[in-house]
Amino acid sequence: MSGLSPIEPVLLARRGKPDSAMIQTYLADGGYASWKKVLGGAKSGEWTPAKVTDLVKASGLRGRGGAGFPCGMKWTFVPPKEKRGDKPVYLLCNADESEPGTFKDRLLMETDPHQVLEGMMLASFALDVKHAYLYIRGEMVHAAEVLNKAVAETYAKGFLGVDVLGSGLDLDITIHRGAGAYICGEETALIESLEGKRGHPRIKPPFPAVSGVWGCPTVVNNVETLCCVKHILDRGADWFKSIGRNEKNTGPKLYCVSGHVEKPGVYEAPLGVPWETLLALAGGVKGGRRLKAVIPGGASAAMLTAKEVENLPMDFDGVAAAKSMLGSAAIIVMDETTDIPKAVTNIAKFFAHESCGQCTPCREGTPWMHKMLKRIVSGEGKKTDLDLLLQIAGQMGNGMTICVFADAAIAPVLSGIPKFREEFEAYVAKSSHPDFALAAPEDLTNKVAERAAAGIH
Amino acid sequence: MSGAQKLPVAEQAENPRVGEHGALSCGRALSFSRQTHDDLERLLARYPTKQAALLPTLWLAQREWGWISREAVDYVATLLDLSPAFVWGVVTFYTMYNRAPVGTHLIQFCTSISCHLNGAGEAYAECRKRLGDLKPGETTPDGKFTVVEVECLAQCDKAPAVMVNDDDHFVITKDKLDAFLGSLK
Ligand SMILES: Cc1cc2nc3c(=O)[nH]c(=O)nc-3n(C[C@H](O)[C@H](O)[C@H](O)COP(=O)(O)O)c2cc1C
Ligand code: SF4
Ligand code: FES
């Protein structure tokens, strides 16, 4: 059986069931079986933290938060007891979900919160965590309520607290609300924010696994990653590995499809499904129009042309090979009517607004890029603007800043302008500064038409 | 930086109610109700440091008073053994703490990319126009509506997405504004 054959929903199996957020229905569907199994075997040594970690490693699970880092390997970076002394280890579930185009974690938390909690519990067992926090973005008021209710139900059942189910182990989970700041999804900013500070990313090293929240070893994992952990414990590493395109891209994956499609929504498919399958799941391009461009991994990912996404395996390595990234699997579809310069300007606005302000290239560069783009799309651009934009953007990334936010901010510009240069040039050509106009507008219109006819975009 | 400032900085500077650390005064001493005090006690038990309870405590303050005034900043600082300047620094970093009173209905339009592609910009502009040419962040004279622009609300499949206070509203295109505004009493 191919790892890409359609699968029964795993992460979304309980979506749409009545009262799916309640513990009774979760238990009735076999929920918390793995938690009971692991705790039941803790005293006898049948289940050890290392055994859970090894399973997760063997499954090939890569983090679903954006970077695709191997989950089990990340866990092994936490120093062993002998080295960390009496410092506690913390697990932070990253539910900040703010990458434009991403809405999968919200769905998991709102419809099946116990799945998330069980994943957190199992990861806590593997990491010797006594207190785990789930950091949820401030805007998700409803999801936070659902989670808090679920946590209360879990304590009432004795699945959390002191000496959980007689295992001798203690575990607490706390839901912590953010207050509106995209950058708090970056793991070290999240840590700062949890400590009660402004969400300023930290310089690494030290990495959180060594020194994270309150100076203690810390693991940050995405909501969907932790849900996968639960299913790996339920059904085994081999089962998980049997799904997906290859050894490096395994398991079921949630794709958030939005923009110009008939049926925007979250779709579950094997990691690595071809682009066409995904587009078909989402009902195809809106109104049967032609596809122009796709952003495959949220606003931070480089834009791909319709040509570039053809037959593209939608997984970490597949999208990386096309010089973009799967990121949070936020797939933003743009049809032929899309004004790309305006779309790029919109994304630039987002980054200008969300820079945390610590690093000069990012703090100054992101609003500057937005201003330049605004100038261009409002018909005030100069002919030198496009190259200037590319040049400045080219100086903002690649390790010039504390975190990779700046690299994310330049990706739409560095991909959008070269790939759709005619559209930008058409704006500049129509500029109200004739001195600077690039070419006669008619010429450009022709060029755009020619390229469109040739199927270039 | 990260902050759709509900009150432009220039206006704050000219405002006689602005205190040393830049926050507006509400003109009276504040303290939490009994119930909120109990909530705070429960909160503090969840963290190894008092400072970690700052964001949740500010949420409590906003629940109690609707916005974060100079007095609220001073009060929260005292509760958590922090300096008012530090607390204000945190308040201003996050967009969701209101730094001035807002209308009964705080209408938050997402204009990020997926909503943009589905007409959010037009709906947002039209909404402000219908409420009397409101500037971003401005409140109607009757105190009923404040309209602001926010970034992606993680409801991109229901674009354009709008939040009113704590409630999610879906597919608020320009042609649905009548029904939408009519539903907000
Ligand atoms: C600017 C920025 C924003 C991020 N936002 C999120 C987010 O909203 N949710 C998330 O899970 N990870 C986000 N990440 C990735 C986290 O830093 C971290 O890698 C991730 O939570 C790790 O979880 P995983 O290993 O399970 O994927 C962001 C990273 C950056 C640089
Ligand atoms: S790159 Fe930008 S967001 Fe990241 S730390 Fe620097 S200023 Fe902040
Ligand atoms: S882009 Fe508007 S909700 Fe995501």
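Predicted model: local features only at pLDDT ≥ 70, side-chain atom pairs only at ≥ 80, totals over all residues.
Over all chains, the count of salt bridges comes to 39.

**The site around ligand 1**

- The side chain of N94(A) places an N or O atom 2.9 Å from an oxygen atom of ligand 1.
- For N221(A), an N or O atom of the side chain is 3.0 Å from an oxygen atom of the ligand.
- E97(A) takes part through its backbone: one of its polar backbone atoms is 3.2 Å from an oxygen atom of ligand 1.

**A nonpolar patch on chain A**

- F69(A), M73(A) and F77(A) form a nonpolar patch on the surface, and together they have about 270 Å² of accessible area.
- F69(A) sits in the loop between α3 (49-59) and α4 (71-76) of chain A.
- With a relative accessible area of 34%, F69(A) is partly exposed.

**T102(A), a buried threonine in a loop**

- You will find T102(A) in the loop between β1 (89-95) and α6 (104-111) of chain A.
- Its relative accessible area is 2%, and T102(A) is therefore buried, since the cut-off for buried is under 20%.
- The side chain of T102(A) reaches the backbone oxygen of E99(A) at 2.8 Å.
- A polar contact, also listed at 2.8 Å, links the side chain of T102(A) with the side chain of S328(A).

**Chain B and its S25(B)**

- Chain B has eight helices and four strands, and from the N terminus on its elements run α-α-α-α-α-β-α-α-β-β-β-α.
- Of its 185 residues, 58% count as buried.
- S25(B) is located in the loop between α1 (9-14) and α2 (34-44) of chain B, and S25(B) is buried at a relative accessible area of 10%.
- Along the chain, S25(B) and S69(B) are 44 residues apart, while their C-alpha atoms are separated by 5.4 Å.
- The side chain of S25(B) makes a polar contact of 2.7 Å with the side chain of E71(B).
- A polar atom of the S25(B) side chain also lies 2.9 Å from the backbone nitrogen of G27(B).

**Salt bridges**

- As background, side chains of opposite charge can pair when their charged atoms come close.
- K204(A) and E187(A) form a salt bridge, with their closest N and O atoms 3.2 Å apart.
- K204(A) lies in the loop between α9 (187-194) and β4 of chain A and E187(A) lies in helix α9, so this pair ties together parts that are 17 residues apart in sequence.
- Both partners are partly exposed: K204(A) has a relative accessible area of 31%, and E187(A) has 21%.
- R363(A) and E364(A) meet through their side chains in a salt bridge of 2.9 Å, N to O.
- R363(A) is partly exposed at 23% relative accessible area, and E364(A) is partly exposed at 46%.
- In chain B, D39(B) forms a salt bridge with R42(B), and the closest N and O atoms are 2.6 Å apart.
- D39(B) and R42(B) both belong to helix α2 of chain B, where they are three residues apart, about one turn of the helix.
- In this pair, D39(B) counts as buried at 13% relative accessibility, whereas R42(B) counts as exposed at 53%.
- A network of salt bridges links R64(A), K104(A), D105(A), E224(A) and K253(A).

Note on methods
Residues numbered from 1 in each chain as written. Chains lettered and ligands numbered in written order. Heavy atoms only, no water. Polar contact = N/O pair within 3.5 Å; in protein donor to acceptor, adjacent residues only side chain to side chain. Patch = residues over 30% accessible without salt bridge, like charges linked within 9 Å, V, L, I, M, F, W, Y side chains within 5 Å. Areas by Shrake-Rupley, 256 points an atom, 1.4 Å probe, with all protein chains shown as cover. Salt bridge = Lys/Arg side-chain N within 4 Å of Asp/Glu carboxyl O. Helix = DSSP H or I, 4+ residues; strand = E, 2+ residues; numbered from the N terminus. Buried < 20%, exposed > 50% of the residue type's maximum accessible area, 1.4 Å probe, protein only.
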